[in-house]
Amino acid sequence: MKALPLEGRPITLRFDAGLRAHRGKLLAGSGARGIAVHAASFVRRREIVLDRTLKKNREECARVLVHELFHFAWVKLGNRMRREFERLLEGEMGSRARGELGWSAEMRKVKLVPADLARRSSAWREYVCESFCETGAWLYSGVGRHEEFTLAGRFRSARREWFERSGFGVRIPV
Ligand SMILES: [Zn+2]
């Protein structure tokens with residue numbers, strides 16, 4: 001993985017075992033509650049927690065870490081740029097684009113109904129955020145191929161252009 005041009009205050013990174021998320025809270029250890037997750041970000045605390053199993057898989061670790069870093073970038077992005085990225089995804093939906101660039105976006109995308117777009121529901125906005133993070137990870141984690149990269153080429157190109165135009169190749173405020 002190339003060094004990312006991150007700009008911002010330090011973010012603590014730690015590994016933990018058996019991460020599960022339940023009602024917006026991260027649980028570590030072997031409790032039965034919640035759903036298994038690879039990672040979680042705490043933007044205000046400036047902390048990223050990655051599942052310990054990722055240590056054994058460099059590529060997946062890089063992809064998940066860059067995804068989490070882009071959660072910080074999303075917060076710093078500002079409304080105008082967030083809205084611009086949202087419009088890009090609206091265009092994709094209008095073109096009936098299938099697939100995504102990672103499961104966390106894909107699992108949300110497949111559940112969307114037209115009304116979510118029309119009223120910009122929380123499900124839609126969550127999807128937009130996850131899609132932004134997955135696109136960042138696709139572009140900057142150095143992972144070229146992955147079974148979760150299912151978005152068609154022309155839509156990928158438009159996303160790459162948007163990210164480059166936004167200057168993320170030069171600086172990523174986090
Ligand atoms: Zn995410």
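Rings of Phe, Tyr and Trp (its six-membered ring) form an aromatic pair if their centres lie within 6.5 Å; planes under 30 degrees apart count as stacked, over 60 as edge-to-face and the rest as tilted. The whole structure holds 17 such pairs. This is a predicted model, in which local features need pLDDT of at least 70 and side-chain atom pairs count only at pLDDT 80 or more, while totals for chains, interfaces and linings use all residues. Residues are numbered from 1 along each chain as its sequence is written, and side-chain values use heavy atoms, without hydrogens and water.

One of the pairs joins Trp74 and Phe85, edge-to-face, at 6.4 Å centre to centre and 75 degrees between the planes. Trp74 lies in helix H1 (residues 58-77) and Phe85 in helix H2, so the pair ties together parts 11 residues apart in sequence. Helices here are DSSP runs (H or I, at least four residues), numbered from the N terminus. Trp74 counts as buried at 13% relative accessibility, where buried means under 20% relative accessible area, exposed over 50% and partly exposed in between (1.4 Å probe, protein chains only). Phe85 is buried too, at 0%.

Helix H5 covers residues 122-140. Of its 19 residues, 15 are buried, so H5 is largely enclosed by the rest of the structure. After H5 comes Gly142, with a positive phi near 80 degrees.

Technical notes:
Helices (H or I, at least four residues) and strands (E, at least two) are DSSP runs, numbered from the N terminus. The expected span of a helix is 1.5 Å times one less than its number of residues.
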